Amino acid sequence: MIKGLEVPISKKLILISVVTVVVIIAIGITIYLTVMAPKPSLAPVHLKFATFKTGSGWFVLGGIIAEKLKEYLPPGSTVDVLPYSGGAGNPLLLHQGKADIAFGFPAETLAAYNGLEPYNESMKELRVIAVGLDTYWWLIAVRKDLGFTSLDEIINKHYPLRLAVLPKGSSGERLTRIILKAYGVTYEDIEKWGGKVVHVSFSEAISLMKDGRVDAFAQVATPGHPGWTKLAITVPLNFLEINEEVLKKVSKEYGMEIGYVPKDTFKGLDKDLKTLKFSTLILATEKLPNEIAYLLAKVLCEKKDEIASAYKAFEVFDSSKAWKSPIPLHPGAEKYYKEKGYMP
């Protein structure tokens, strides 16, 4: 050993120990930085959610879902709930890139996807995130003093019916035309019989029915619907039965079900009424990132109780059936449903 460079054994052990500790710390830092350290936040996401007019059920539900979704999105993300045109207009807004997600109805969704009336082109990029968010029925009611109990009686007699419907192109009005068409009848036919069809707001329809200026009103309804509730309290009504073959034809062609409105849902409904039943669905396009679609499906399924506590109609949502869409599912939502075992 060269003189002056001797290192006592005890000092050698200390040196080795220090080097070992440094190496261990370096390895630990490397592991933390590569595996355990918080990852940099993803870029904020900014989404536009098309619902319906301010204060409507869809607008309220959209706001609740938006708040739950933001809990899963990167910091700084936004979900703007927009009071757009509803079931008929929302698919077009998605197609035009003016919205990223939207509420819709089965009939309009199928029509938009296939380019059928009232749409001028097929929108094959539309995708569904979830179905079954609530319950809707189609109803037609007449003043009780007319004595009719079924739509068949009116049509077979060519009765000069004075019918009130909402503005042309709205979901309920369009469904009314679809059902009449399945009977082989148009608005023009009703006018030829001496009747008339007027397009009014819900509040105007109530006034016209109350004053006897119209005989009937046709529109969609939800459980406890405030407009239908007020109409049924204000005017004695008969809720009309619909031909079974018509129900089968329309339900098959437009992605709906045949269901029952429970008796006493509205005043004057003294027995369960068979009619068309459908529900709200959430739409997007194939441009929506898979991760966002996955998270949205997750929110709907795993936050159901929280959403339903703020919006009672959501209680009917069934996670195991949310994938049963009239058009293709979004791949991100499909991934979630398959991971949960809800779909094959």
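Phenylalanine 239 counts as buried, at 7% relative accessibility. The model that shows this is a predicted one. The protein has 344 residues, and 47% of them count as buried. Its fold holds 13 helices and 12 strands. Take contacts between residues at least 6 apart in sequence: 74% of these join residues at least 24 apart.

**Aromatic pairs around phenylalanine 266**

- The protein has 16 aromatic pairs.
- One of these pairs joins tryptophan 228 and phenylalanine 266. Their ring centres are 6.3 Å apart, and the planes stand at 40 degrees, so the pair counts as tilted, a class that lies between the limits of 30 and 60 degrees.
- Tryptophan 228 belongs to helix H9 (residues 226-234). Phenylalanine 266 sits in the loop between strand E10 (257-261) and strand E11 (273-278). The pair therefore ties together parts that are 38 residues apart in sequence.
- Tryptophan 228 is buried, with 0% relative accessibility.
- Phenylalanine 266 is buried too, with a value of 2%.
- Phenylalanine 266 also pairs with phenylalanine 239.
- Phenylalanine 239 comes from strand E9 (residues 237-239). Its partner, phenylalanine 266, is in the loop between E10 and E11, 27 residues apart from it. The pair thus links distant parts of the chain.
- Tryptophan 228, phenylalanine 266 and phenylalanine 239 each count as buried, because each value is under 20%.

**An aromatic cluster**

- Six residues form one aromatic cluster: Phe49, Trp58, Phe103, Phe105, Tyr136 and Phe278.

**Helices H2 and H11**

- Helix H2 covers residues 57-70, and helix H11 covers residues 290-302. Their axes come within 10 Å of each other. They cross at roughly 115 degrees.
- That angle makes H2 roughly perpendicular to H11.
- The crossing of the two helices is right-handed.
- H2 makes the contact through Ile65, Lys68 and Leu69. H11 brings Leu295, Leu296, Val299 and Leu300.
- The contact of H2 with H11 has six nonpolar residues, one charged residue and no polar ones. Lys68 is the charged residue, because Lys falls in the charged class.

**A cis peptide bond**

- The peptide bond from glutamate 117 to proline 118 is cis. Its omega is near 15 degrees.
- Proline 118 is in the loop between helix H4 (106-114) and strand E4 (126-130).

- Histidine 158 has a phi near 50 degrees, a positive value in a residue other than glycine.
- Histidine 158 lies in the loop between helix H5 (151-156) and strand E6 (162-165).
- With a relative accessible area of 45%, histidine 158 is partly exposed. That class applies because the value lies between the limits of 20% and 50%.
- Aspartate 264 also has a positive phi, near 70 degrees, and is likewise a residue other than glycine.
- Aspartate 264 is found in the loop between E10 and E11. Phenylalanine 266 is in that loop as well.
- Aspartate 264 is exposed, with a relative accessible area of 56%. The cut-off for exposed is over 50%, so aspartate 264 passes it.

How values were computed: Residues are numbered from 1 along each chain as its sequence is written. This is a predicted model: local features need pLDDT of at least 70, side-chain atom pairs count only at pLDDT 80 or more; totals for chains, interfaces and linings use all residues. Side-chain values use heavy atoms; hydrogens and water are left out. Axes are lines fitted to C-alpha atoms, for helices over the stretch in contact, and angles run from 0 to 180 degrees between N-to-C directions. Helices (H or I, at least four residues) and strands (E, at least two) are DSSP runs, numbered from the N terminus. Angles under 35 degrees count as roughly parallel, over 145 as roughly antiparallel, 65 to 115 as roughly perpendicular and the rest as oblique. A crossing is left-handed if the near helix is turned anticlockwise from the far one by less than a right angle, and right-handed if clockwise. Contact means heavy atoms within 4.5 Å. Rings of Phe, Tyr and Trp (its six-membered ring) pair if their centres lie within 6.5 Å; planes under 30 degrees apart count as stacked, over 60 as edge-to-face and the rest as tilted. Buried means under 20% relative accessible area, exposed over 50%, partly exposed in between (1.4 Å probe, protein chains only).
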